[in-house]
Amino acid sequence: EMLIFITVLLVFLLGYGICTIALIFTQEQLRAAPITDTLEFVVLIPSLQMFGELFLETLVEGRADNTSSNVYEQNEFQASLTVWLLAAYLLIGNVLILNLLIAIFGHIYEVVAENSTIEWKNEMFLLCQEYSDKPVLPPPFSIFETLYLFFNELCCKHSDDKELSSAMLERLRIFESYCASTFRQEKEAQKSLEENIKILAEHADEEMEKINDMINVVDYLRQDLEPQDKKKKGVKKKKLLAAAAAPTSASVSPLPSTKKTIQPSADSTVSNA
């Protein structure tokens with residue numbers, strides 16, 4: 001990542017430097033000037049301008065000084081374009097290139113943080129192996145142990161087939177099971193968010209299908225109960241009409257009885273007369 005960043009920075013820096021000397025100097029001045037001055041304007045000045053040293057006295061004030069020996073043969077368009085090019089270079093260099101560097105370091109930190117456990121275990125293994133291979137005696141007495149090991153390898157014959165003990169096999173089995181369980185836990189922890197969303201979407205579709213089925217059943221039952229409700233409402237209306245008609249007939253019926261009582265009283269008065 002740093003090699004890519006340095007490559008991008010050099011391309012950007014050299015492009016600005018070459019454009020600057022092309023606008024400031026003429027071909028005769030570039031041919032007459034030494035190579036060190038050219039490299040100064042191409043590499044050194046753009047690098048220092050990125051850190052805040054703008055060299056405006058070299059780019060701007062030297063043009064106005066007619067008595068100076070470093071008079072730049074420029075027209076007004078080239079002079080103004082040099083300043084605008086410097087402004088664009090500073091803007092891009094201080095904003096984009098700096099943010100690119102921050103992003104690269106952030107990516108490197110994430111990669112190192114992910115592999116930190118593996119790197120620590122590797123370094124610990126190398127350290128243990130180094131201490132196991134070191135001689136017990138300090139130098140210069142370690143020469144005796146080295147000679148002993150050398151003659152031991154020459155004189156003694158070691159069998160190639162080395163059988164492991166039962167305790168070592170049990171340790172290897174425990175270590176293998178531990179590594180397998182750790183690997184499974186890491187795989188489960190590395191499930192992406194998209195997979196979880198897909199699982200939730202499938203469960204949501206199943207629940208929506210169940211809800212739709214329940215709605216259809218409720219609609220079917222409602223359609224079956226509507227005729228019965230209509231019949232019950234008709235019966236209630238008939239009962240209400242009958243109950244409303246019954247009091248009117250009861251209030252009209254006593255009137256003829258009053259007339260009958262009045263007629264005998266009139267006949268009795270005539271007979272008496």
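**Reading the model**

Q: Where is Y89 found?
A: Y89 is found in helix α5. Helices (H or I, at least four residues) and strands (E, at least two) are DSSP runs, numbered from the N terminus. This is a predicted model, where local features need pLDDT of at least 70, side-chain atom pairs count only at pLDDT 80 or more, and totals for chains, interfaces and linings use all residues. Residues are numbered from 1 along each chain as its sequence is written, and side-chain values use heavy atoms, without hydrogens or water.

Q: Is Y89 buried or exposed?
A: Buried means under 20% relative accessible area, exposed over 50%, and partly exposed in between (1.4 Å probe, protein chains only). Y89 has a relative accessible area of 3%, so Y89 is buried.

Q: Which residues does Y89 touch?
A: A contact means heavy atoms within 4.5 Å. Leaving out residues up to four places away in sequence, Y89 touches F12, L13, Y16, P46, S47, Q49 and M50. G15 is 74 residues from Y89 along the chain, and their C-alpha atoms are separated by 10.0 Å.

Q: How many residues does helix α5 have, and how far does α5 reach?
A: Helix α5 covers residues 76-114, which is 39 residues. From first C-alpha to last, α5 reaches 56 Å, close to the expected 57 Å. That expected span is 1.5 Å times one less than the number of residues.

Q: Where does α5 bend?
A: The bend is the angle between axes fitted to the seven residues ending at a residue and the seven starting there. α5 bends by about 30° at G93. G93 is also among the buried residues of α5, with A79, T82, L86, Y89, L90, I97 and I104.

Q: How many helices and strands does the protein have?
A: The protein has 10 helices and 0 strands. Of its 273 residues, 12% count as buried. Take contacts between residues at least 6 apart in sequence: 70% join residues at least 24 apart.

Q: Which residues form a nonpolar patch on the surface?
A: Patches use residues with over 30% relative accessible area and no salt bridge; like charges are joined within 9 Å, nonpolar side chains (Val, Leu, Ile, Met, Phe, Trp, Tyr) within 5 Å. Here M2, I6, L10, L14, I18, I35, L39, V43 and F105 form the nonpolar patch, with about 790 Å² of accessible area together. Such areas come from the Shrake-Rupley method with a 1.4 Å probe; for residues, only the protein chains shown count as cover. α1 (2-24) and α3 (35-50) each give two or more residues to the patch. The largest share, 5 residues, comes from α1. V43 lies in helix α3. Its relative accessibility is 36%, so V43 counts as partly exposed.

Q: How many salt bridges are found?
A: Side chains of opposite charge can pair when their charged atoms come close. A salt bridge puts a side-chain nitrogen of Lys or Arg within 4 Å of a carboxyl oxygen of Asp or Glu. The search of the whole structure finds 2. K134 pairs with E130, the closest N and O atoms being 3.9 Å apart. E170 pairs with R173, at 2.5 Å between the closest N and O atoms.

Q: Why are E170 and R173 separated by about one helical turn?
A: An α-helix has 3.6 residues a turn, so residues three or four places apart point the same way. E170 and R173 are separated by about one helical turn because they are 3 residues apart in helix α8 (residues 166-189).

Q: Which peptide bond is cis?
A: The bond from P139 to P140 is cis, with omega near 5°. P140 lies in the loop between α6 (116-133) and α7 (142-155).
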